[in-house]
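Morning, everyone. Let me put the model up, and then we go through helix packing, the ligand shell and the domains.

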Amino acid sequence: MTVQLGMPGVRPEPIARRRKSRQIMVGNVPVGGDAPVSVQSMTTTVTSDINATLQQIAELTASGCQIVRVAVPSKDDADALPIIAKKSQIPVIADIHFQPRYVFAAIDAGCAAVRVNPGNIKKFDDKVGEIARAAQAAGTPIRIGVNAGSLDQRLLEKYGKATPEALVESALWECSLFEEHGFRDIKISVKHHDPVVMIKAYRQLAAACDYPLHLGVTEAGPTFQGTIKSSVAFGALLAEGIGDTIRVSLSAPPAEEVKVGNAILESLGLRERGLEIVSCPSCGRAQVDVYTLAEEVTAGLDGLEVPLRVAVMGCVVNGPGEARDADLGVASGNGKGQIFVKGEVVKTVPESRIVETLIEEAMRLAEQMQAEGASGEPTVSVG
Ligand code: SF4
């Protein structure tokens with residue numbers, strides 16, 4: 001029989017109608033409008049260490065990062081920007097706190113965008129006109145990045161703490177200053193460490209303007225906690241169509257942030273899924289060690305870049321159903337594994353051969369998908 005495998009590159013159905021935002025270009029990456037939600041991260045190297053920074057950017061690029069931000073706390077860092085911006089494979093955003101002169105240095109260096117924190121740049125409001133003119137002339141977008149931890153003193157006094165209203169008022173105030181100079185090449189973030197405050201802030205912001213939004217939960221924590229917080233917050237907002245680019249903040253290597261960011265988008269169907277292992281949690285009915293089986297299959301398929309769903313199931317209760325629904329699957333029981341390809345049992349193997357058989361079949365399907373992906377809907381014959 002002939003079955004459809006689905007073609008790599010097909011955009012999934014959106015989960016919700018995207019909020020209408022204006023589109024800006026961060027280098028060659030469109031952000032906002034109908035552009036796919038992009039994933040970004042930030043280097044942890046000292047920016048003035050050009051080789052280390054470019055090395056980390058290369059690693060981030062390889063892990064699926066689309067835009068990268070670098071910190072610019074010193075003149076040495078600002079001096080490194082021209083080379084970094086030129087040699088990076090992905091657009092570089094300069095992250096500026098405190099010193100307005102580095103904003104101009106970043107624009108002159110050819111950075112794809114500049115992030116400014118209006119809460120802590122000295123006399124920022126007085127500098128907006130000059131920044132707007134320089135950014136306009138160079139075609140450089142500005143991210144207004146409001147952060148709960150460094151909120152404008154005036155708003156802290158007005159609201160008592162970094163409430164959603166305070167974050168939004170700070171962002172919109174700065175936007176209005178840029179708008180006075182005819183500059184609207186802006187994206188905004190209003191980050192908070194508490195997902196509840198963050199979600200409320202972005203909802204308010206989304207309703208109040210049409211600028212593209214950069215989602216982030218700031219200081220989200222170590223990998224486990226940060227992943228949960230970011231997934232919950234981004235998931236809630238993206239499921240409402242809010243958010244144009246995301247940055248997961250983790251106390252972990254930045255490539256981990258990118259993995260989590262990509263996985264969030266894949267989970268929501270906002271990005272084509274890559275390899276997906278569907279494995280059961282195991283229970284008293286399991287007739288095989290599901291954890292080990294799932295781990296071995298995951299390790300064996302590491303690096304496979306086709307959208308393949310592989311089901312690893314522990315018994316015959318839900319096993320055949322899930323295995324049938326996946327591109328490839330196994331339902332285990334009685335010391336054997338029934339191997340499914342696209343809903344059909346193609347063979348039954350002893351338990352000791354389940355892993356190698358799944359990997360062989362996955363490789364075969366992947367090769368076929370890659371070979372046929374460019375010309376119409378790929379198919380595979382089974383039976
Ligand atoms: S598939 Fe079977 S072993 Fe796995 S959780 Fe479901 S009932 Fe339990």
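Contact here means heavy atoms within 4.5 Å. Helices are DSSP runs (H or I, at least four residues), numbered from the N terminus. The model is predicted: local features need pLDDT of at least 70, side-chain atom pairs count only at pLDDT 80 or more, and totals for chains, interfaces and linings use all residues. Residues are numbered from 1 along each chain as its sequence is written, and side-chain values use heavy atoms, with hydrogens and water left out.

Start with H6, residues 164-180, and H7, residues 195-208. Their axes, lines fitted to C-alpha atoms over the stretch in contact, are 8 Å apart at about 40°, on a scale from 0 to 180 degrees between N-to-C directions. From H6, the contact takes Pro 164, Glu 165, Leu 167, Val 168, Ala 171 and Leu 172. H7 answers with Val 197, Lys 200, Ala 201, Gln 204, Leu 205 and Ala 208. By class, that is 9 nonpolar, 1 polar and 2 charged residues. Nonpolar covers Ala, Val, Leu, Ile, Met, Phe, Trp, Tyr, Cys and Pro; charged covers Asp, Glu, Lys and Arg; the others, Gly among them, are polar.

Next, H4, residues 124-138, on H6. Here the angle is about 45°, with the axes 9 Å apart. Phe 124, Asp 125, Val 128, Ile 131 and Ala 132 of H4 meet Trp 173, Glu 174, Leu 177 and Phe 178 of H6.

Now the ligand. What classes make up its shell? There are 7 nonpolar, 3 polar and 1 charged residues.

Last, the domain assignment gives domain 1 (23-268) and domain 2 (276-372). Their C-alpha centres are 40 Å apart.

Terms used: Domain bounds come from an automatic or database domain assignment. Helices (H or I, at least four residues) and strands (E, at least two) are DSSP runs, numbered from the N terminus.
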